[in-house]
Every structure is written in structure tokens, then in C-alpha cells.
Amino acid sequence: MEDEPRSGKRDRLARLTRVVALLRAHPDGMTTQEIAGRIGVSVRTVYRDLNAIEGELHLPVWGEAGIWGIDSTKAFLPPLKLTQQEAMAVVLSARLMVRYVDKYDPDLASAFEKLERGLPPALAEHVERTLDVLSKAPRDERFSENVRLLTKAWAERRVVTFDYAPARYEAGAAPRRATVQPYLLEPSLQTHALYLVGFDVERKALRTFKVERIGRASLTPQTFEPPDAATTTSALRAAWDIIADQPLNEIVLRFAPAVADRVREATWHPTQIVAAESDGSLLWTASVSGTIEIRLWILSWGADVEVLAPAGLRDDVAATHRRAAARYDG
């Protein structure tokens with residue numbers, strides 16, 4: 001494979017960063033042919049890049065029997081050179097993270113501090129204000145330790161065990177010691193919480209665990225092969241927010257004319273289908289995993305939405321409105 005024309009140190013650094021990211025994503029290592037195919041360069045260039053990563057970026061590269069990798073326990077990513085537009089995109093992402101978190105995250109704060117050093121003054125001031133807000137959030141040492149442990153397990157494809165307290169809405173569920181292959185760590189937009197998505201060894205199925213309800217956690221020496229990325233992505237696609245391990249439900253809603261335009265302006269779920277009715281109302285349909293999460297969204301629309309299906313969700317929402325009305329009548 002011939003190299004594509006490249007110019008300037010920035011292009012080279014971007015390519016080296018890609019190689020580092022690729023090797024960190026494959027802790028068991030890759031062949032130079034595999035790296036070349038993924039990056040789009042020749043094998044000769046890959047060898048030069050591996051030497052540069054070790055000699056110039058001072059990252060611990062290892063090679064054995066034709067397989068190359070990076071020692072993730074000692075490696076740090078090289079600094080990024082961002083354009084003003086790229087920096088702004090990162091700053092906005094940081095702001096979204098701060099609006100999501102409800103507790104202090106030392107690793108997030110450290111990342112922001114490093115980001116701040118490479119930004120123009122106006123953007124750096126914005127990040128500094130973000131750090132000030134984050135510093136006032138409450139601390140939760142157990143949560144932070146568990147996030148670090150789960151991150152390590154996820155990155156190294158290692159099985160974890162932990163004590164888990166079920167949610168109150170899970171009737172009959174009891175605390176237990178779970179053994180899990182971690183596939184993904186994902187924040188929730190609705191609950192401001194962090195979730196672990198992984199294969200529950202005892203239950204022999206994909207499960208979602210709220211990290212805030214994880215107690216004593218341990219990293220085991222046992223490794224696993226993760227499923228195809230498309231499998232996890234497909235499962236999460238059915239979730240309304242995070243929960244992807246519930247049966248699919250065909251949700252059918254009718255929105256009042258007064259809110260029809262607002263509903264139509266956004267894609268609330270990747271499977272949604274919307275159709276305008278003759279009276280100006282909007283018929284909204286989607287295939288969603290479970291009803292726990294979408295129920296909260298439906299209730300947020302108050303009297304401007306009616307659940308047409310499934311029947312169980314319709315009854316639940318109707319009963320909730322009746323209890324609320326009774327409380328206000330009283």
C-alpha cells in the first residue's frame with residue numbers, strides 16, 4: 001500500500017495519535033499489516049511511526065512475535081493540537097459533562113485542567129469557570145474508585161465482580177454479587193447517573209448496572225472477548241436512554257396540536273415515526289426497550305400527550321395523573 005501525500009508536522013502528529021489510539025484499543029497488540037490497513041499507510045511507515053512513538057513521544061511500545069502494542073499501564077496520550085473550532089467543540093462537550101455530573105470527578109477535573117492549558121484565553125476562561133462549578137460538587141470516593149476500576153476492566157477486557165443493590169422498582173430483587181464482562185460505560189441524560197452495560201455471567205444475558213448502586217468491586221485476572229461493536233450499538237439503539245435489557249415495546253402516542261411542532265422538531269428516538277393527523281395532532285410511534293425510562297418523558301408532557309399503546313403503559317400513566325389530580329384537589 002502506498003502512502004498518501006502528507007505535509008507538515010501536524011499531519012504526522014495526527015497519524016501518530018491515531019496509531020496510539022488504535023494500539024490502546026487493542027491491548028493484546030496488532031500486526032504491522034493490521035495497523036497499516038486501519039490507518040491507510042504502508043507497513044514501512046508503520047515501523048517508522050512505532051519508532052517515533054517510542055523515541056519522540058516516549059510511550060512504552062512493545063513488540064513480540066510480529067505483534068506490536070503499548071503498555072497502557074505506563075502510557076500517556078500525546079498532547080493534541082486543536083484548531084479554534086475543534087477547541088470550541090471540546091469546550092462545549094466539557095460544559096455538557098458538567099451539566100450531567102452531580103458529583104465531583106477528579107479525573108474529569110484533571111482532564112479539564114490539561115485542556116485549559118492549550119486553549120485561547122477566552123475559551124480557557126470558560127473552562128476555568130467550568131472547573132469552578134465542578135469543584136463545588138459533592139465528593140463520592142467509592143464512586144470514583146469504582147469508575148476507575150470499571151474503566152480499567154473495560155479497557156483491558158477483564159471480568160469484574162461487585163456487590164449490587166437492585167432498584168426499588170424491581171419487585172422481589174435482592175442484593176447480590178454479580179460477575180460481569182464490561183462492554184460499555186455510558187452516562188444517562190435523564191438520571192444524571194453513570195451506567196455499566198455488560199454481559200452478566202450468572203444471568204447469561206446483557207444487563208445494565210447503575211454505577212451508583214455498585215458496592216465493593218474487584219478486578220479479576222479473567223479476560224474475555226467482547227462482542228462485535230454493532231451488537232452493543234444495536235442493543236443501545238432500542239433503549240430510550242440507557243436500559244437496553246428489557247423486552248421491546250411498540251410505543252404509540254398522540255400529541256396535542258399545541259405541542260405537535262415542538263415534538264416534530266427533534267428526533268427523540270432513532271426508531272420514531274411521526275404522522276400528522278387531520279386535526280393538527282401528531283401520531284408518534286417507536287420501538288423502545290422497556291417502559292421505565294420513556295414513562296418519565298411521557299409524563300413530562302402533561303395533558304398534551306395521550307398513550308395509545310401499550311395498554312399497560314396507558315393504564316400506568318393514567319393512574320399517575322389521577323393520583324396527581326387527587327393530590328391537588330385535596
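Start by selecting W240, F255, W268, W284, W297 and W301: together they make up one aromatic cluster. Rings of Phe, Tyr and Trp (its six-membered ring) pair here if their centres lie within 6.5 Å; planes under 30 degrees apart count as stacked, over 60 as edge-to-face and the rest as tilted. By that rule there are 13 aromatic pairs.

Before moving on, some housekeeping: this is a predicted model, where local features need pLDDT of at least 70 and side-chain atom pairs count only at pLDDT 80 or more, while totals for chains, interfaces and linings use all residues. Residues are numbered from 1 along each chain as its sequence is written, and side-chain values use heavy atoms, with hydrogens and water left out.

Next, click on Q272, in the loop between α9 and β9 (273-276). Helices (H or I, at least four residues) and strands (E, at least two) are DSSP runs, numbered from the N terminus. Is Q272 buried or exposed? Its relative accessibility is 17%, so it counts as buried (buried means under 20% relative accessible area, exposed over 50%, partly exposed in between, with a 1.4 Å probe and protein chains only). The side chain of Q272 reaches the backbone nitrogen of W268 at 2.7 Å and the backbone oxygen of A266 at 3.4 Å. Leaving aside residues up to four places away in sequence, Q272 touches A266, T267, W284, T285 and A286 (contact means heavy atoms within 4.5 Å).

Now show helix α9, residues 257-264, and pick out its buried residues V259, A260 and V263. Looking down the axis of α9, you'll find them within an arc of 130°, so they line one face of the helix (the arc is that of the directions from the helix axis to the C-beta atoms). Their cover includes β8 (248-255) and β10 (282-289).

Then head to the open sheet of five strands, ordered β6-β5-β4-β3-β7 with antiparallel pairing (two strands pair if DSSP finds at least two bridges between them). β6 (205-210) and β7 (214-223) are at the edges with a single partner strand each, so one side of each has no neighbour in the sheet. Follow β3 (residues 158-164): five bridges join it to β7, and Y164 has I214 as its bridge partner there.

Last stop: F162, which is buried, as is F209. Their ring centres are 5.3 Å apart with planes at 80°, so the pair is edge-to-face. F162 sits in strand β3 and F209 in strand β6, 47 residues apart.

How values were computed:
A polar contact is a pair of N or O atoms within 3.5 Å; within protein, one must be able to donate a hydrogen and the other to accept it, and residues adjacent in sequence count only if both atoms are side-chain atoms.
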